[in-house]
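Please examine the sequence and the structure before reading on.

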Amino acid sequence: MKVYMFHYVKPYSNYYHFDLDEFDKTVQKLTTNKHIISLKELDNLVKKHQAIPEDAVMLTFDDGTIDHYQYVYPILKKYHCSGLFFIPSCTYNKKMLDIQVIHQLLENNPIETLFNDLRKQLEKKHMEPEEFSVEENLDSKKTALFKQLLQYKLPNDIRINLLHYFQRKYKINKDVSNSYMSIRNLKQMKKDGMYFGVHTITHPRLALQSKEEQAQEVKSNLESLLKSHLLDKECISLAFPYGSYNEDTIDVMKNLNIKYGFKVDDKESNNDEGGVVLIDRLDCNILREVLK
Ligand SMILES: [Zn+2]
């Protein structure tokens with residue numbers, strides 16, 4: 001089985017967005033060549049200890065952004081297939097996630113401008129961006145540093161102040177009412193066979209948190225989704241923000257009866273950690289290559 005992770009799907013493409021037409025063609029191709037399975041189908045196979053078919057593909061969508069309702073859901077419905085959507089609590093508390101603020105900054109401003117500004121701000125604190133190590137990924141070095149410092153690498157008080165500074169200076173729209181899917185949107189999607197999973201309240205790197213903090217992040221998000229009748233209690237899933245988790249996360253999941261943990265890993269393996277099934281996910285950009 002291959003599990004793909006999507007973020008934004010919009011009518012234009014850049015590094016952050018999967019192009020809408022391309023998404024339509026991708027799903028169409030997958031429905032003819034492969035077998036797109038739902039969380040429920042996967043769970044039935046796992047319960048019966050049956051092998052998951054090689055040609056099975058699962059499509060997952062993170063962060064609950066409105067484009068998932070506007071663009072993804074109609075296409076999945078058109079091809080009669082299911083998706084699994086990970087919904088952080090921003091849907092409920094109307095607060096923009098840090099990751100979305102950072103994406104908006106990068107989308108609307110040259111990285112040189114942002115990075116120089118970050119350097120100037122850090123100088124005031126007698127710090128510089130390069131003193132932090134950077135996890136290499138598809139981003140340029142500056143983009144990766146900018147994102148990672150503002151996501152989690154800076155001390156939290158400095159990080160939050162800087163995010164507010166950037167949000168004000170670069171006029172990031174704080175009105176999130178149109179940025180995330182509403183409970184009504186989600187309920188409609190559920191009727192058409194879509195599945196939902198937990199993605200925490202504030203989207204932190206769980207492995208950097210205490211067990212208590214992790215439990216709070218997961219439990220509160222889980223409870224609000226359960227209260228809105230958006231989860232199938234038999235197969236509750238959690239996607240780790242940024243793919244970050246540790247032993248404590250697994251314990252928290254066991255305590256809360258969360259059966260599936262979705263990672264971010266360019267592998268295709270799944271393994272059972274004593275009742276919790278961990279599933280690797282591939283970045284959706286890989287699909288572009290697969291379908292060429
Ligand atoms: Zn996320």
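Two residues are said to be in contact when heavy atoms of theirs lie within 4.5 Å of each other. The structure is a predicted model.

**A helix residue and its contacts**

Under that definition, and leaving aside its neighbours within four places in sequence, Q121 is in contact with L162 and Y165. Q121 belongs to helix α6, which spans residues 111-123. With a relative accessible area of 12%, Q121 is buried, because the term applies to values under 20%.

β5 pairs with β1, β4 and β6, as the following table sets out.

| Partner of β5 | Residues of partner | Sense of pairing | Bridges |
|---|---|---|---|
| β1 | residues 2-6 | parallel | 5 bridges |
| β4 | residues 35-36 | parallel | 2 bridges |
| β6 | residues 84-87 | parallel | 3 bridges |

Individual positions show how these pairings are placed. V57 in β5 stands opposite K2, and V57 also stands opposite I36.

Helix α2 (residues 39-47) takes part with β4 and β5 in a right-handed β-α-β unit. A right-handed β-α-β unit is likewise made by β5, helix α3 (residues 67-78) and β6.

**The zinc site**

Which residues coordinate the zinc ion? The ion is held by D63 through OD, and by H199 and H203, each through NE2, at 2.0 to 2.1 Å. Along the chain, these donors follow the spacing D-x135-H-x3-H. The pair D63 and H199 links distant parts of the chain, the two residues being 136 residues apart. D63 lies in the loop between β5 and α3, whereas H199 lies in the loop between β7 (195-198) and α10 (211-227).

Are D63 and H199 buried or exposed? D63 counts as buried at 2% relative accessibility, and H199 counts as buried at 1%.

Notes: Residues are numbered from 1 along each chain as its sequence is written. This is a predicted model: local features need pLDDT of at least 70, side-chain atom pairs count only at pLDDT 80 or more; totals for chains, interfaces and linings use all residues. Side-chain values use heavy atoms; hydrogens and water are left out. Two strands pair if DSSP finds at least two bridges between them. Helices (H or I, at least four residues) and strands (E, at least two) are DSSP runs, numbered from the N terminus. A crossover is right-handed if, with the strands pointing away from the viewer, the path from the first strand over the helix to the second runs clockwise. Donors are N, O and S atoms within 2.8 Å of the metal (3.2 Å for Na, K and Ca); water is not among the atoms, so sites may look incomplete. Buried means under 20% relative accessible area, exposed over 50%, partly exposed in between (1.4 Å probe, protein chains only).
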